[in-house]
Amino acid sequence: MLKGSCLCGDIQFETAAEPQGPSMCHCSQCRKQAGGIWASAHVDDNDLTISGPVTWYAASPLAKRGSCARCGSYLFWKGNDEDTISFALGAVDGDTGIKVAKHIFVASKGDYYDIADGVPQEEE
Ligand SMILES: [Zn+2]
Ligand SMILES: [Zn+2]
């Protein structure tokens with residue numbers, strides 16, 4: 001069981017499912033919203049229990065992004081045509097037991113760091 005929350009605690013989430021596709025996203029939207037790289041993994045919609053007032057923002061027609069209106073934590077990413085939801089690994093309490101499998105949107109990454117962990121990189 002993984003449990004997490006936003007910084008202020010208003011929003012809690014948990015899943016008993018095995019998270020899939022853990023990644024580090026370097027895209028411009030994650031950079032803006034998270035202040036940098038956003039690490040996440042996804043589970044089926046029905047496998048993530050969320051409590052609390054999530055504020056959803058549609059940054060594009062393709063997906064919406066869930067955050068806490070009070071403390072600003074960026075917690076969730078949900079593709080409109082997908083039956084899965086991504087949650088922020090950084091918001092999980094304690095060890096996750098997860099290792100990131102890929103870097104995505106590397107073409108959009110900032111110039112102030114290098115990726116040197118040997119994990120596969122995707123341009124988009
Ligand atoms: Zn909060
Ligand atoms: Zn992103």
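Predicted model: local features only at pLDDT ≥ 70, side-chain atom pairs only at ≥ 80, totals over all residues.

Analyst: Residues are numbered from 1 along each chain as its sequence is written, chains are lettered from A and ligands numbered from 1 in the order in which they are written, and side-chain values use heavy atoms, with hydrogens and water left out.

Start with the zinc ion (ligand 1). C6, C8, C68 and C71 coordinate this ion through their SG atoms, at 2.3 Å. Donors are N, O and S atoms within 2.8 Å of the metal (3.2 Å for Na, K and Ca); water is not among the atoms, so sites may look incomplete. The angles among the four donor atoms of ligand 1 run from 106 to 115°, and the site is tetrahedral.

Buried means under 20% relative accessible area, exposed over 50%, and partly exposed in between, using a 1.4 Å probe and protein chains only. C68 counts as buried because its relative accessibility is 3%, whereas C71 is partly exposed at 27%.

The zinc ion (ligand 2) has C25, C27 and C30 as its protein donors, each through SG, at 2.1 to 2.3 Å. Their spacing in sequence is C-x1-C-x2-C. Both C25 and C30 are buried, and the relative accessible area of C30 is 2%. The structure holds zero disulfides, a disulfide being a pair of cysteine sulfur atoms within 2.5 Å.

Next come the rings. A pair of aromatic rings is described by the distance of the centres and the angle of the planes. Rings of Phe, Tyr and Trp (its six-membered ring) pair if their centres lie within 6.5 Å; planes under 30 degrees apart count as stacked, over 60 as edge-to-face and the rest as tilted. The structure holds five aromatic pairs. In one of them, the ring centres of F13 and F87 are 5.6 Å apart and the planes stand at 45°, so this pair is tilted. F13 belongs to strand β2 (residues 12-15) and F87 to strand β9 (residues 84-88), so the pair links parts of the chain 74 residues apart. Strands (E, at least two residues) and helices (H or I, at least four) are DSSP runs, numbered from the N terminus. F13 is buried at 3%, and F87 is buried at 0%.

F13 and F87 also form one aromatic cluster with W56 and F76. The charged end of K64 sits over the ring of W56, 4.9 Å from the ring centre. That wording requires NZ of Lys or CZ of Arg within 6 Å of the ring centre and within 35 degrees of the ring normal. K109 likewise lies over the face of Y113, with 4.6 Å to the ring centre.

Methods
Tetrahedral: all angles 85-135°; square planar, octahedral: opposite > 155°, others 65-115°.
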